[in-house]
Structures are given as structure tokens and as C-alpha cells.
Amino acid sequence: MHMADALISPAVGGTMWAISGGLIAYCANKVKTSIRDNLVPMMGVLGAFIFAAQMINFSIPGTGSSGHLGGGLILTALLGPYAAFLVMASVLTVQAFFFADGGLLALGCNIFNLGFFPAFVAYPLIYRAFVKGQYGTSRAWVGAIIAAVVGLQLGAFSVVLETKASGISELPFGTFVLMMLPIHLAIGVVEGLATAAVVSFVARARPEALQTAPASEASVSLRPVLIGLAIAAVIMGGVASWFASTHPDGLEWSMAKVSGKEELESPGDGIHKSLAEVQERTAFLPDYGFKSGEAAPETATPAEHAAAPEPEPWPAVNAGTSVAGIVGGLMTLALACLIGIALRARSIQRTCGNG
Amino acid sequence: MGITDWIEIGRMDELGRMDTPAHRLDARAKAIVTLAFIVVVMSFPRHDVSALTPFLLYPIALISLGRIPVGYLARKILIAAPFALFIGIFNPLLDRTPVTTIGTVAISGGWVSFGSIMFRFFLTVGAALALVACTGMNRLGAALERLGVPRVFVVQLLFLYRYLFVVSDQAGKMKRSAEMRSSGRPLRLRVYGSMIGHLLLRSMDRAERVYRAMVARGFDGEVRVLRPSSFVWSDAIFVAGCLLFFVSARLWNLAEAFGRLLTGGAM
Amino acid sequence: MSHHVVEVRDLSFAYPDGTEALRGVSFRIEHGGAVALIGGNGAGKSTLLLHLNGYLSTTRSDVRIGDTIVTRETAALARRAVGMVFQDPDDQLFMPTVAEDVAFGPLNAGLPPDQVESRVASALERVGMTHLRERPPYRLSAGEKRAVAIATVLAMSPDILVMDEPSSNLDPRARRRLIEHLLSFEHTKIIATHDLELVVEVCRHVLVMDAGRIVAQGPTVEILSDENLMLAHGLERPHILRHAHPH
């Protein structure tokens, strides 16, 4: 359920980058002052372990399908929440870099969705409260499953929020939620089972490993959690209402602001005024007729629009623009490829020349 | 992820260590430009397609200069596609307002925005993969630190990357020996738990030995590195040129202007 | 040159789980010698080595490196004098590139950048691995990894080299090159190994360990030729000594 770049707006991506970046800085600071001096190599190797463990699957009883370890919970059990959050962030970063899982703009979203909830919510508030050091009991299994499910549900729900706030997908909120949550309920159960199986083995083979996170690090005070959640909720809410209700174009808005074409009287007015200007400009400049569906007049058929020579404030379609657009687009593609081939030839030549 | 993904990471790592004009650019410059690229691409209204085409130039230039195999990268992009496809495919189903015609076929807004999503996906993922393939993890990590990411984070990120190759090798051996003894059936949960548990304990032992080796060479909690800066004027020109291009392509639909020039259709 | 002397007196150590790894170990190594530490698995060799640079330490002062009595407080000094090459080079080479890894120790010692650079260059040259400078360690062969691991230690200019199983996992050619390197180092060397043929070539003295004790010590050929002694402690008389004629 990695969030993808193609589905989020820069505003949402940037916001989540800021939130995750802040959390990384906060956790890095906590880790730096940690008394466990072997923490840094431990974090690195355990991050590699999470990756490698995901190569190995187990069969899910009675379903014929298979699952693997997610990682957030077990990392928190071994390293404490701050270090575990950083490791999850690293795992997701490497996935984004090498497998294009998610993507760079969505990385902030993914770190928050998959790192924050297990480390700062599911583990301290659910798993630890349930298990109370009694690994391997049925209580521990139930605790692991509930914690994994809750962590993933929260993550999936924020995927929905982030996607909605971005306004690129047309999926209605309710449908999206109904689609995401059951899927992640199933994934959560599987992850909980995997986590409990591994933890109960470790508890038998080397119990001290699970107690290496000192109490002071393992117990997260609720305050940063609640503050983090509150900030995220407020920003997400704000972003959602701005960018979903108006036309989503954060960059153009900020460009208008930077270019100083507006005096911002009040923030609200400024945004709407600049957005209005942006709309005017996009209508004035040769641009595609494609606009969001709501703006298309019910009565207008494409043919009628094509016949209308005057560009409308929200021109639904203009045959001339379309043809030019399609031809231009295709030619640009061809040109880009040609340039690519030329550059490659040049790159080879230059390297050979140098070598 | 499976074994095949694993081979992929090794391949990316190899590509990242080549020496080409694209690889010689400073990692920070490439990282900043790529991020700007993604932000600008994602800032387009959701029904734009043709205005996005000029942006193809950036990943293509990077891939070509870096001599990254195109087929390989395309395959990687396709493997990553399902989530965007899964969410994007709802657009044609939900937004059926016709917005344009090609010949006599009316195209709905949903299909246009779906096309736009997939095209953006292609662009953003392509650019990100091209960045990594032209830079490599180690140079990227150093760039992250220079750009202000906390050192502790960067150090353990690079440790993760370093030990990926070691731990996954162990995991691969365990998996193989388990498969040999189970005639290919997937593992039962209990067996899985002890196998992954073993891998975990061995990883923890490994970390302890690494720590020991660090201490033996004077590690005192602070990892010091010597990374001479390599940001030169050509990097600055690269950044400035790319940003200028992105902004122009964002403000004006270059593809359409190009098309009008070609079709002679003055509007 | 007293700082090349290694002296261990009545050293005992038990791990937190109660395993007694060392029971009253004593020996003394003078400057410039190469001493092999041999014994079966679990004899306590690795534990003993970890005491030499203060990674493990007892409250009593049982280990002396040159003029330094190794305790928790003086461990940093001991680590500068004792360069430790670990058994698995993957544990030792943790930095992103070979050059950064070799620079790790000198940087921790607080050397200025230009000196760090010259240390890196000369250490890599010493083991013939200059061409691998910018390579990541996970891309090296076992022999290259071992050579670079040794370079990371040489870059710290230690007086004493301590090695744990330096020839494990090496193919014959890499092993040969390792032996040549070892013979060329003027440092005091302490080598824990199962590779008895290497011991014959490199070390003049041998310490035999079993169950946490030093059970025998003396000149290499004398000790290793003692069939009964070797077999009694899980070892064997090396092939090379069976056929060699005494000169």
C-alpha cells in the first residue's frame, strides 16, 4: 500500500515530507543521545534484516496464499520507537530508490503511514500493553495481531486521506475507505501472525534480545504522539479543503505569490484570488480544454463546443487545440527520444575519448 | 519481494557505479533537480497530458547520458505500476463527462485523467529510478547528509544498504535449504517463525560484531567521514538549466506550441 | 621499544550467562615476534583477543600493552596500539567505500584530513589494493576483503597486529598473498588460527589454548611436532612438518 507519486499533489507530498522530516530529525536526536552505543550498527543491520526477511514467505493456513513480515512492530520491540521509526524510514527510502515503490514525492507519506503508526501508536499503546513481557502466550499472539491490524488500518486510512486531499483520483471518499480498510485488515492479520511467530521464537531462543530497549526508550510518552497526530490531521484537513474544493494547483499558486502579482490581504482571499488569476491565465494561454468534470456544462456536446470559435472561460473542448496538442505531444515524444539517442551516443563517445 | 528483486538491487548498484557524464554530476544537483521535476510534474491539473510531454526530456536525457539500459528501466517501472493503475482505473469509471473527441470518438474526462495519471507515474518513477541508477546509493546518502538530513539517519541508512547484501545472502541460503527439504511447499507459520527468528538473531550477532570492529578502530559514538565537496560550476549550470526548463514547460504548453507550429494552425 | 610488549597475567573471564571463557591465562610476547594462538573451537581464543584491545575488560588489571595497563579507562590507548583484524571482513568493512573504511580509524584518532588521506593511500598501497579505493566492500572478493580489512588496521599505525582467523575463506592464491603480507609486516603479530601450515610459515612461537587455559607454549616447530600434545587438544600435527626434514 505504498502511496504513489502519480496520485498525490505537491502540496500533500510536501506537507507529509515536512512531517516525516520533522519526525526523522526528532528521532535522530533521541537516538544520538541514547545510552545504547551499539544502536547505530544494530539499526542498519536490522534494517537489512527486514528487507531480507521479506524474501521469505509462509503459507497462510486455509487460504493457499502466503505472507511475510512487515517489520514495524518487531523493530520497535527490538530497538524502541525512535530507532525503529528511523529504520522503517530507511527501509522505505531504499524501496523507493530501488524498486520505485511509492516514489520520491510520496516518500514522506509512506514514511508517515508505515513508520509512524507501528512505532508510535500500535506498539506502545497496543502491543506492549497487551503482551506485558509475556511473549509466546496466546495473549501475545492476539496482541500482535491487533497491533498490526490497527497500525495498518491507520496507515491505510491516511493513504485515503492523502489521496483525497490531492484530488487526482476520482474515487469518492467512502468507496475508497471501504476498499482500503478490508484489504488492510487481511494484511494486518498476516503481519500480526508473522510478527508473533518470530517474536515467540526469539523469546524462547534469546529472551534478553527483546529487553534490550531500555524502559525509558521503550515507553513513549503520549504527548509527541498526540501532537504529531494532531498536526497531521489539521494539515491534512486544511490541505484537503483547500485543494479538493478549489482547483488543485499548488505550484501555480505559489508561483503567483512569488512573482508578487498579488498583495495578500488575507490568506484566504489571496489564495482564491490567485487561483482565480491562475484560472484566467490557463484559459487565456493556449491550454487544453480538459478541465475537471464539474465545470463542463451539461447541455454542451463536444461537437457544439468544437464549433464555437471563442475560447470560453472553461473551454471544455476545442478541436484546434486538441489537434495541435496531440500532434505536438507526439512530436515532442519523438524529439525527446531522438535527443536521448544523440546524448547517449555522445556520452559513449566522450567516455571512450577520455578513457 | 523475491529473489529476482534481489538481483535487481545488485544491478542498480552496478549501474550506479558507472562513470558517465550523468554519473559525474554532483549527487546533490541531481537529487534537487529530480525532486523539482517530480513536484512540477505533479503540479499540473489532472487533465493535462500533452503539456507533460516535454518533461519526458529530463529522464530521457539522464538515462541517455548515464547509459542506463532503457528496457531494464522500463521493466522496473512496469513492475511498480500496480498501485497507481489500481487507483487510477477508477477515474474512467467515475468521470464519464466527455471532454474531447478524437475523430468521432468522444473521450471522457476520466480517461484523460487516467492517461494523465499513468503518464505522470511513468515520468516520476522514471526520473527517480534514473536518478538512483545515475548516482548510486552511497553518493545519494552523502548528498542527503550535505542537504541537511541528520547524520545518524544517513549513517544507519548506508549501513542498511551495506548489510543488505550480506543478510540477504544468508536469507537466500536459508530459503534454498528450506525449499530443498520441503519440496517447494510454502513454509508453515511455526517453521517460518523459527527460520526468520534465526535470521534475526544472526543479524543481531552480526551487528554486535560490527560494533566491536568499530570500537576497535576508535568509534566513540560519532561516525566521522571525509567527503570532499565536488559541486562545480557545471553542476550549477545543470541545476539552473533544468529548473529553467521545468518552469517554462510548466508555464507554457510547449508541446502544443510545437504542434501549432507544425500544423500551421494559428489559433 | 617496550610498547611492543604484550603481557597477560592470570586473566580470567566469564560471560554474563556464566560461561567461563578464560581461566587464568598468562603469557608474555616481546617486540617484533609473530605468535600463533591455536586451539579447538571454543578454546577461548577470540575472547582472549577481545581483551587485548580492552573491548572486554575485567576490573583487575591483567593485561598490559607496552606501558599501558588495559582497563576500561585506558582502552582507547590500547586500541591505538593494538590493531585488530576480525574473522569476518564483512564485519570489519562497514563503510560505503573502501577508502572511507580505511579512513574510519584515522578520523577517529582526530587526524587532520591531509594526514588521513596519506594514511589511507599508504595503507592501501601496503596491501596492494589501491585500485579498489572507491569500490564498495560488498563487491570485493574474499581475498580483497581480507587485504582491505588489514589495510583499515594498518592505517591506524598500530604497534601490534592481532588477527582472528586471517586465512579463513581464502582461496590458495589469496592465502599465499596474505602470508607474504604477514611476513613483510614488522609489527608484533598475534594470530589466532586453525591454519597450522600458515603458523609454520609465519610464526616463531605458539600458544596452545584449551578450555580457557594456555596448555602449552614454545617454539613453533617444537610444539606443532608434538603429536600427542596436538591430538590431546583437538589439533593435529601439520602436514608440512610430517615430511619436512629437520635442517
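Start with the contacts inside chain A. Contact here means heavy atoms within 4.5 Å. Among contacts between chain A residues at least 6 apart in sequence, 71% join residues at least 24 apart.

This is a predicted model: local features need pLDDT of at least 70, side-chain atom pairs count only at pLDDT 80 or more, and totals for chains, interfaces and linings use all residues. Residues are numbered from 1 along each chain as its sequence is written, chains are lettered from A and ligands numbered from 1 in the order written, and side-chain values use heavy atoms, without hydrogens or water.

Colour chain A by secondary structure. You get 13 helices and two strands, taken as DSSP runs (helices H or I, at least four residues; strands E, at least two) and numbered from the N terminus. Of its 355 residues, 55% are buried, that is, under 20% relative accessible area with a 1.4 Å probe, protein chains only.

Next, select A:Phe49, A:Leu69, A:Leu79, A:Phe85, A:Phe98 and B:Tyr192. These touch the most other members of the largest nonpolar core, which has 223 residues. Such a core is a set of buried Ala, Val, Leu, Ile, Met, Phe, Trp, Tyr and Cys residues joined through side-chain atoms within 4.5 Å. Helix 10 of chain B (residues 151-182) gives the most to this core, 17 residues.

Zoom in on B:Tyr192. Beyond neighbours within four places in sequence, its contacts include A:Ile56, A:Phe58, A:His68, A:Leu69 and B:Leu187.

Now go to chain C. A second, separate core of 50 residues includes C:Ala149, C:Leu161, C:Leu182 and C:Ile223.

Finish just after helix 11 of chain B. There B:Gly218 takes a positive phi of about 85°.
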